[in-house]
Amino acid sequence: MQQNDLPTVLEIERQSFAFPWPEIAFKQGANRTNPHCHFLVARANGAPIAFINFLMVEDYVHITNFAVAPTCRRQNVGKYLLARSLEHIREKGGRTVFLEVRTSNLPALNLYRQFGFEIADFRRKYYPDDGEDAYILSLPNLSEIHFEIDQESKIDCSSGSNLRETEESPK
């Protein structure tokens, strides 16, 4: 993620979550002030259409945030970005990956299961916006996962896009 990606990434965040992360968290990620923090984006026509954030300490990785622009969902963008991210994590020496996901988020749960994530734990009333429960998903040995990425897929995010591409950060 680059500094000029921030307005679009922030808009994807706001469109995706009822309780979005603060802008400062994204700015810090773009500035690369924390060597453990990684922000990656997927692009279509040069513009971000999805992002993922993870923290990596030694071989232990926590995926903290992951979203796809609403107009680009159900086109394997998330699957592609997750696969590329896991490849990147593995190349950097990551071995164990975990994340939290809402118990009601069936599309995300199905995606993570495709990559071998399993329910490792349960957190009651984990999410502060509505008190929803969360599953803690774990991928205990990334080196055992094999993935193939279709780089030829056509992505059409144009229909009804509400993404803004401005030079100024939203307030």
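**Aromatic rings at a glance**

With a relative accessibility of 16%, Tyr127 counts as buried (under 20% relative accessible area; exposed is over 50%, partly exposed in between, with a 1.4 Å probe and protein chains only). This is a predicted model, where local features need pLDDT of at least 70, side-chain atom pairs count only at pLDDT 80 or more, and totals for chains, interfaces and linings use all residues. Residues are numbered from 1 along each chain as its sequence is written, and side-chain values use heavy atoms, leaving out hydrogens and water.

**Around Tyr127**
- The charged end of Arg102 sits over the ring of Tyr127, 4.1 Å from its centre (NZ of Lys or CZ of Arg within 6 Å of the ring centre and within 35 degrees of the ring normal).

**Ring pairs**
- Eight aromatic pairs turn up in the structure (centres of Phe, Tyr or six-membered Trp rings within 6.5 Å; planes under 30 degrees apart are stacked, over 60 edge-to-face, the rest tilted).
- Take Phe66 and Tyr112: their ring centres are 6.4 Å apart and their planes meet at 45°, so this pair is tilted.
- That pair ties together distant parts of the chain, 46 residues apart: Phe66 is in strand β3 (residues 60–68) and Tyr112 in helix α4 (residues 106–114) (DSSP runs numbered from the N terminus: helices are H or I, at least four residues; strands are E, at least two).
- Phe66 is buried at 14% relative accessibility, and Tyr112 is buried at 7%.
- Tyr126 and Tyr127 make an edge-to-face pair, 5.0 Å centre to centre with 85° between the planes.
- Tyr126 is partly exposed, at 35% relative accessible area.
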